[in-house]
Amino acid sequence: LDPQLFPEQARAADVSMLGQVLLEYRGRRETLIELGEIGMTGAIARLASTERPWVLYLEGHGERDLAGETGTDLGRFGRVLSERGYRLQPLDLTTQKQIPANTALVVVSAPAIAFFPGETQGLLDYLAGGGNLLWLMDPGDLYGLEPLADALGITPLPGRLVDANVARLDIDDPTVAMTESYPDHPLTRGLAEPSLFPGSLAFLPIAATHWALETPLQTLENSWNETGSIRGEIVRDDDQGEQPGPLPLALALSREHEEGGKQRV
């Protein structure tokens with residue numbers, strides 16, 4: 001309909017200019033300003049969902065902000081979640097001791113200040129109750145979250161990844177790791193081209209016995225976790241605990257929770 005010819009319908013649909021699109025489904029509606037795949041997909045996802053799940057992201061320790069747009073913030077990721085119908089909310093565990101039971105996902109993103117023991121216990125209680133967790137790590141200190149790693153049975157390797165394979169891409173920074181193959185997993189489905197990961201850490205491919213472990217991403221051969229200085233010519237040193245690749249860049253853990261449903265980390 002031309003909004004200039006049908007002004008009443010246009011006002012009712014929140015349409016104010018030519019080219020806007022109105023989607024309606026089961027009494028719910030979305031009005032799009034621009035027509036594109038991302039916007040349309042997000043609108044359909046929001047309309048098809050009867051609930052808008054909560055995603056809480058921790059703050060107060062120098063974490064990356066899902067609503068931020070500077071530096072290493074995760075604003076782009078936050079926008080994608082919002083477009084898919086998720087509601088984002090920051091969470092400070094120093095003021096709110098218990099994570100709400102209706103939380104669909106908690107995001108812990110590379111803190112720079114240590115957690116208090118009570119905050120870590122709040123995450124452990126959430127995990128024990130069947131909560132889903134996305135834990136984004138940088139190389140180095142776990143900042144008080146060691147009990148969380150112990151509960152999951154995961155072991156970050158010391159140092160940071162170095163990868164000689166990126167030289168064939170004319171990349172002269174050895175701390176950029178590369179992966180070329182992807183397993184059939186929701187995290188990597190649809191990916192085909194090589195992916196680059198600057199400044200990453202690696203894990204041992206293990207988890208606690210009550211968790212099923214999948215490794216969605218791993219490095220190539222001729223990579224390792226370098227614990228020394230990244231200067232000049234570097235070689236792997238077994239005596240320093242430097243493990244040869246392929247090494248996991250990311251771990252996907254899941255288990256059937258006793259209260260029903262699958263829990264994911």
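A residue is called buried when its relative accessible area is under 20%, exposed when it is over 50%, and partly exposed in between, with a 1.4 Å probe and only protein chains taken into account. The model is a predicted one, in which local features need pLDDT of at least 70 and side-chain atom pairs count only at pLDDT 80 or more, whereas totals for chains, interfaces and linings use all residues. Residues are numbered from 1 along each chain as its sequence is written, and side-chain values use heavy atoms, with hydrogens and water left out.

The chain has 265 residues, of which 37% are buried, and its C-alpha trace spans about 75 × 45 × 35 Å along the principal axes. Five helices and 13 strands are present, where helices (H or I, at least four residues) and strands (E, at least two) are DSSP runs numbered from the N terminus.

A nonpolar core is a set of buried Ala, Val, Leu, Ile, Met, Phe, Trp, Tyr and Cys residues joined through side-chain atoms within 4.5 Å. The largest such core holds 28 residues, and those with the most contacts inside it are Val 106, Val 108, Leu 123, Trp 135 and Leu 152. Strands E3, E5, E6 and E12 and helices H4 and H5 each give two or more residues to this core, and H4 supplies the largest share, four residues.

Strand E12 also belongs to an open sheet of three strands, in the order E10-E12-E13 with antiparallel pairing; two strands pair if DSSP finds at least two bridges between them. Strands E10 and E13 are the edge strands, each pairing on one side only, and five bridges join E10 to E12, with Ala 212 having Ser 254 in E12 as its bridge partner.

| Strand of the sheet | Residues |
|---|---|
| E10 | 212–218 |
| E12 | 248–256 |
| E13 | 262–264 |

Leu 1 lies in the segment before helix H1 (7–12) and is exposed because its relative accessible area is 81%. Pro 186 is located in the loop between strand E8 (176–179) and strand E9 (195–198), and Pro 186 counts as exposed because its relative accessible area is 62%. The C-alpha atoms of Pro 186 and Pro 216 are separated by 8.8 Å, although these residues are 30 residues apart along the chain.
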